Amino acid sequence: MVAEKKKSGLISHGIASQNRKGRFNYTILETFEAGIVLKGPEVKSLRMGRATINEAYAGERNGEIWLLNSYIPEYQGGVLSRFDTRAPRKLLLHKKQVDHLLGAVSRSGASLVPLDIHFNARGVAKLTLGLGQGRKKEDKRHAIAERDWQRDKARLLRSKGKDY
């Protein structure tokens with residue numbers, strides 16, 4: 001009899017945290033993948049899928065881009081080191097990308113929106129950062145109507161296929 005391997009609840013690759021309202025409140029013009037400077041217990045907490053980036057935003061400090069107001073709870077697995085759950089976290093981008101993003105923010109009033117935190121194929125934590133323009137109320141209504149129409153259209157096509 002072969003012993004069954006137990007699945008751990010840890011995320012080795014894939015999305016750890018997602019900002020669902022980011023794509024709704026902003027029209028995303030470009031996306032960038034940035035590394036994040038994290039401590040060991042923060043990575044363990046991320047692997048448990050417990051982070052929140054719904055209220056988070058990215059901003060500039062001393063010519064670098066930082067992730068602000070993200071919430072990564074303390075890891076409860078017996079680690080003694082404590083960390084600030086809402087500490088600013090440095091994002092790792094190429095210098096050309098930083099210059100491009102900061103120029104777009106200052107020129108056109110765009111915003112840097114964190115879209116998700118995920119683990120890549122190598123198991124490294126990355127942040128998908130979107131360069132976005134804020135949507136107005138009527139644009140949001142249009143997006144809702146378009147989403148509802150796509151859902152209804154798919155439902156109609158599914159039900160038509162069952163009749164035959």
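Buried denotes a relative accessible area under 20%. The views below are taken from a predicted model.

View 1. Helix H3 comprises residues 95–108, and Val98, Leu101, Gly103 and Ala104 are buried in H3. An α-helix has 3.6 residues a turn, so residues three or four places apart point the same way. The cover over the buried residues of H3 includes strand S2 (26–36), S4, strand S6 (111–119) and strand S7 (125–134).

View 2. With 14 residues at 1.5 Å a residue, H3 should span 20 Å. The C-alpha atoms at the ends of H3 are 20 Å apart, which agrees with that expectation.

**View 3. The hairpin of strands S3 and S4.** Strand S3 (residues 57–61) pairs with strand S4 (residues 64–68) in the antiparallel sense, over 5 bridges. Within this pairing, Trp66 in S4 is the bridge partner of Gly59. The hairpin has 2 residues between the strands, and Asn62 takes a positive phi near 55°.

View 4. Ser17 lies in strand S1 (residues 14–18). Its relative accessibility is 6%, and Ser17 therefore counts as buried, the cut-off being under 20%. The Ser17 side chain reaches the backbone oxygen of Ala51 at 3.1 Å. Apart from neighbours within four places in sequence, the residues in contact with Ser17 are Ala51, Thr52, Ile53, Asp116 and Ile117.

Conventions. Residues numbered from 1 in each chain as written. Predicted model: local features only at pLDDT ≥ 70, side-chain atom pairs only at ≥ 80, totals over all residues. Heavy atoms only, no water. Pairing = 2+ DSSP bridges. Helix = DSSP H or I, 4+ residues; strand = E, 2+ residues; numbered from the N terminus. Buried < 20%, exposed > 50% of the residue type's maximum accessible area, 1.4 Å probe, protein only. Polar contact = N/O pair within 3.5 Å; in protein donor to acceptor, adjacent residues only side chain to side chain. Contact = heavy atoms within 4.5 Å. Expected span 1.5 Å × (residues − 1).
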